[in-house]
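Student: I would like to go through the backbone of this model with you. Please show me the sequence and the structure.

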Amino acid sequence: MIHYPFEHDAEEHERLQRQDDLFRPLTRSFLAAVEAEGVKRVLDIGTGTGANHAVLAERFGPGLHITGLDPDRAAMQIASRRLPPGVKFFEPVPESIEEYRPDQAFDLAFMRCVLMYCDDPVATVKKVASFVRPGGYVLIQDADHSSYCRTEPESLEFAALHHEIQGYGVTAGVHENMGLRLVDVFVDSGLTPRMEHRAKRHDGVSDPRIFALLGRTVVGMRRKAAAVGIPHPAEMDANAIASRLEALAAGRRVFSSTLVGVAAQLPLEVS
Ligand SMILES: C[S@@+](CC[C@H](N)C(=O)[O-])C[C@H]1O[C@@H](n2cnc3c(N)ncnc32)[C@H](O)[C@@H]1O
């Protein structure tokens, strides 16, 4: 099961845009490193606002047919409106992965930043692989947040605030470092990982975009967090959190997240 802690609303769709702004180059380099032939039909699981369609089309287009699977109908309307060149056809399927029963197998299944919300990642990856034809591909990219927002030189105040924010996500059920477990999850799912790819943004001096995203991420989880008993101040404000982090990180290097990508090819059918 996927327990997604965010709402399906405009606030979340804006957050996904901000996330893609930071992650897109990392996904582009993962896809560039993947060896895959004959990819025409792609299943994008947890498609959201279609942030990955442009890079998928760059890598596998032209003429790509993408099926997007996501219970968030409004997000997929955004994806349908901004179809990138190279995508011939986008089919939104407003269902969850658990209930999806495709009538045809795909050449490739792709999933970015979804597994970290699953309570049984092995069962989910098995499910993902079941949608793919023999000889087809499973490509999953997920975050390793273990170095996320660490600063150098270290600020104890920054570390304490960031720790509190991360704890919030963990208690809301997010597996923050799913990227680190990906290879094991593939193996336990019966897939042979073909490659593991680690990509990271250049670590820079206090990038305000990281803090803006973090502020929105913690605020976006507030209802879920409240449901599991985490108190949150009523005045919790994404911009205020971002400004506080930015002020504490001023003059320091800030380390960003790593995205880990793992690819596997399914065996060809034995005749
Ligand atoms: C963090 S977003 C990632 C969106 C997109 N893959 C990207 O990289 O921008 C996770 C997405 O998974 C979707 N999701 C949540 N539960 C799901 C489920 N059971 N089956 C499929 N998608 C699901 C959410 O609605 C959300 O759009």
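Student: In which loop is C113 found?
Tutor: Helices (H or I, at least four residues) and strands (E, at least two) are DSSP runs, numbered from the N terminus. On that basis C113 sits in the loop between β4 (106–112) and α4 (121–130).

Student: Before we go on, what kind of model is this?
Tutor: Residues are numbered from 1 along each chain as its sequence is written. Local features need pLDDT of at least 70, side-chain atom pairs count only at pLDDT 80 or more, and totals for chains, interfaces and linings use all residues, as this is a predicted model.

Student: What is the phi of C113?
Tutor: Most residues other than glycine have a negative phi. C113 is not a glycine, yet its phi is positive, at about 55°.

Student: Is C113 buried or exposed?
Tutor: Buried takes 20 or more other C-beta atoms within 10 Å of the residue's own, exposed 12 or fewer, and partly exposed lies in between; C-beta atoms are placed from the backbone. C113 has 22 C-beta neighbours inside 10 Å, so C113 counts as buried.

Student: How does S206 count, with 17 C-beta neighbours inside 10 Å?
Tutor: S206 lies in the loop between β8 (204–205) and α7 (208–220). Its phi is also positive, about 25°. With its 17 neighbours, S206 counts as partly exposed.
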